[in-house]
Amino acid sequence: MGPTKAIVKDGALYDAKTGKLLKDGLTTHEAIRDYVDHHYIVLPVVNKQCEPWLLDGEPVYCLRGTRYENLKDEVLHLARCPDCGGMGIRDDEPMVESDCIRCVSCGHEFDARLEMMES
């Protein structure tokens with residue numbers, strides 16, 4: 001059982017699965033972040049423009065820094081684009097020898113293993 005997956009609407013936090021109100025009256029980004037940091041709650045992943053990652057119309061959540069999940073708690077094989085912070089999806093081309101990932105936002109292609117080794 002992982003953290004509660006939440007969404008933010010109109011200054012309030014709602015459970016993303018049930019729609020139940022978790023906390024209202026959160027008027028600033030800092031107030032939301034402070035509340036989330038002190039409770040067992042996770043927010044959807046966003047890119048550098050603060051746009052949430054959506055896969056099949058559902059938000060994507062990051063747990064423990066590298067594990068991405070959807071609302072059904074399914075593990076997703078995604079990576080963060082080093083350029084725009086967008087959602088990178090693995091290319092399914094069988095001829096590609098590397099672990100090629102393409103960002104759905106900017107189209108940047110990168111190899112997640114190489115990015116990790118370089119940093």
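What covers the buried residues of α1? I find that the cover includes β1, β2, β3 and β4, counting contact as heavy atoms within 4.5 Å. Buried here is under 20% relative accessible area, exposed is over 50%, and partly exposed lies in between, with a 1.4 Å probe and protein chains only. Helices (H or I, at least four residues) and strands (E, at least two) are DSSP runs, numbered from the N terminus.

A note on the ground rules before I go on. This is a predicted model, where local features need pLDDT of at least 70 and side-chain atom pairs count only at pLDDT 80 or more, while totals for chains, interfaces and linings use all residues. Residues are numbered from 1 along each chain as its sequence is written, and side-chain values use heavy atoms, with hydrogens and water left out.

**Entry: the four-stranded sheet**

I looked up the strand order and got β3-β2-β1-β4, an open sheet of 4 strands with mixed pairing. Strands β3 (21–23) and β4 (41–42) are at the edges with a single partner strand each, so one side of each has no neighbour in the sheet. Helix α1 (residues 29–37) packs on this sheet and touches β1, β2 (12–15), β3 and β4. The direction of α1 makes about 40 degrees with that of β2; axes are lines fitted to C-alpha atoms, for helices over the stretch in contact, and angles run from 0 to 180 degrees between N-to-C directions.

Next I checked β1 (residues 4–9) against β4: they pair in the parallel sense over 2 bridges. Two strands count as paired if DSSP finds at least two bridges between them. Thr-4 stands opposite Ile-41 in β4.

Which residues of α1 are buried? They are Ile-32, Tyr-35 and Val-36. They sit on the same side of α1, because they cover an arc of only 95 degrees around the axis, taken from the directions from the helix axis to the C-beta atoms. The face turned away from that buried side carries the exposed residues Glu-30 and Asp-37.

Neighbours within four places in sequence aside, Val-36 is in contact with Leu-13, Ile-41 and Leu-43.

**Entry: the three-stranded sheet**

An open sheet of 3 strands runs β7-β8-β9 with antiparallel pairing. Its edge strands are β7 (61–63) and β9 (75–76), each pairing on one side only. I found 2 bridges joining β8 (residues 67–69) to β9, and Glu-69 stands opposite Val-75 in β9.

**Entry: cysteines**

How many disulfides are in the whole structure? The search finds 0, with a disulfide being a pair of cysteine sulfur atoms within 2.5 Å. The closest cysteine sulfur to that of Cys-81 is in Cys-106, 3.8 Å away, which is too far for a bond. Cys-81 is buried at 2% relative accessibility.

Last, I looked at Thr-27, in the loop between β3 and α1. Thr-27 is exposed at 74% relative accessible area. Its C-alpha atom is 5.1 Å from that of Gly-11, 16 residues apart along the chain.
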